[in-house]
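Subject: Structure for you, with notes on domains and salt bridges

Hello,

Here is the structure for your work. My notes follow below it.

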Amino acid sequence: MQTLIRSALDVVPATCCTLPPAPDTLGVVISNRWVNNDYKHLVLEVNSRAAAARAGQFFNLLCPVTDIDKPFFRRPMSTYRADPASGTVEFLYKVTGAGTRGLATLRAEDTLPMLGPLGVGFDLAPAWRNIVVLGRGVGLATLAPLSDLAAAQGVGVTAILSARDHANLMSQQRFRATGATVIEVVDSDGSSAPANVERILRELHRAGRADAFYTCGSNRLTMLMQALGNELGVPGQVALEQQMACGIGMCYCCVRAFRKGDDIVSKRVCWDGPVFAIDEVTSC
């Protein structure tokens with residue numbers, strides 16, 4: 001297997017025009033396991049540049065073609081973990097369409113063409129000692145590496161994890177392993193209601209545990225954090241989920257409206273993001 005892995009990692013497909021900001025490479029599948037009825041956890045051995053992906057960055061994956069599904073465009077996917085020490089990248093993904101159904105067919109020693117790492121990742125201001133992350137669904141995968149980054153810089157993390165019910169909550173141990181305090185909120189008991197989440201955020205702010213807000217995975221929760229951050233003077237960042245095609249800013253498929261002072265401007269999520277200051281984001 002090691003011979004296969006090393007030879008595959010050395011393959012870089014040729015490009016026909018301007019080189020992208022990161023090379024196209026091949027990941028080699030180590031494992032691809034179900035974590036619940038909807039999500040799979042994919043672990044790949046990759047080259048050193050891919051393994052150095054920053055929290056919040058993403059890869060554009062060339063999903064396998066199957067007898068049923070023939071995805072044409074690549075699929076953008078944020079990293080669940082990138083580990084230079086082991087030379088691996090991990091993805092947590094929901095099997096929901098043609099691309100992800102193709103990913104679900106991958107087995108150990110299969111190869112996966114991947115472009116990246118791409119985009120702008122999360123950052124932490126030196127003065128921040130405690131942050132709050134708020135995520136739902138696939139957003140939990142995007143936020144998990146931020147917990148690693150915070151732990152490495154001695155920053156405390158409170159992770160509010162949201163889902164339909166407790167059976168669909170994910171990544172609790174992933175966050176706890178970094179020392180984060182985990183708060184679970186779910187639809188089934190009403191604890192994920194915006195009013196209750198706002199109450200939790202206000203309590204964390206009063207306790208001095210919210211120097212910054214971070215979120216991903218829900219427009220409703222993003223707007224809540226934005227409004228509360230503006231009121232309390234708490235800065236923050238959001239990782240946006242958006243349809244993309246090229247992943248390198250050429251096709252303008254992922255353009256969205258953002259605030260810039262009193263103006264509304266257009267930005268490409270793949271190139272200017274996917275991480276943005278939370279006060280820039282609009283609801284559209």
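This is a predicted model: local features need pLDDT of at least 70, side-chain atom pairs count only at pLDDT 80 or more; totals for chains, interfaces and linings use all residues.

Twelve residues from domain 1 and 15 residues from domain 2 make the contact. About 1,100 Å² is buried between the two domains, and carbon and sulfur atoms give 54% of that area. Four residue pairs are in polar contact between domain 1 and domain 2. On the side of domain 1 that touches domain 2, five residues are nonpolar, four polar and three charged. One salt bridge crosses the interface. Arg-164 and Asp-38 form a salt bridge at 3.7 Å, N to O.

Next, the salt bridges in general. The whole structure has ten. Among them are these:

- Arg-136 and Asp-187 meet at 2.6 Å, N to O. Arg-136 sits in strand β8 (residues 130-136), while Asp-187 is in the loop between β10 (181-186) and α6 (194-206), 51 residues apart. Arg-136 is buried at 18% relative accessible area; Asp-187 is partly exposed at 35%.
- Lys-267 pairs with Glu-280, with the closest N and O atoms 3.1 Å apart. Lys-267 belongs to strand β14 (residues 263-268), and Glu-280 to the segment after β15 (275-277). Lys-267 is partly exposed at 22% relative accessibility. Glu-280 counts as buried at 19%.
- Arg-81 and Glu-90 meet at 3.2 Å, N to O. Arg-81 is partly exposed at 30% relative accessible area, and Glu-90 is buried at 10%.
- Glu-198, Arg-202 and Glu-231 are linked in a salt-bridge network.

Best wishes

Methods:
Residues are numbered from 1 along each chain as its sequence is written. Side-chain values use heavy atoms; hydrogens and water are left out. Contact means heavy atoms within 4.5 Å. Buried area is the accessible area (1.4 Å probe) that two parts lose on being put together, summed over both. A salt bridge is a side-chain nitrogen of Lys or Arg within 4 Å of a carboxyl oxygen of Asp or Glu. A polar contact is a pair of N or O atoms within 3.5 Å; within protein, one must be able to donate a hydrogen and the other to accept it, and residues adjacent in sequence count only if both atoms are side-chain atoms. Ala, Val, Leu, Ile, Met, Phe, Trp, Tyr, Cys and Pro count as nonpolar, Asp, Glu, Lys and Arg as charged, and the others, Gly among them, as polar. Buried means under 20% relative accessible area, exposed over 50%, partly exposed in between (1.4 Å probe, protein chains only). Helices (H or I, at least four residues) and strands (E, at least two) are DSSP runs, numbered from the N terminus.
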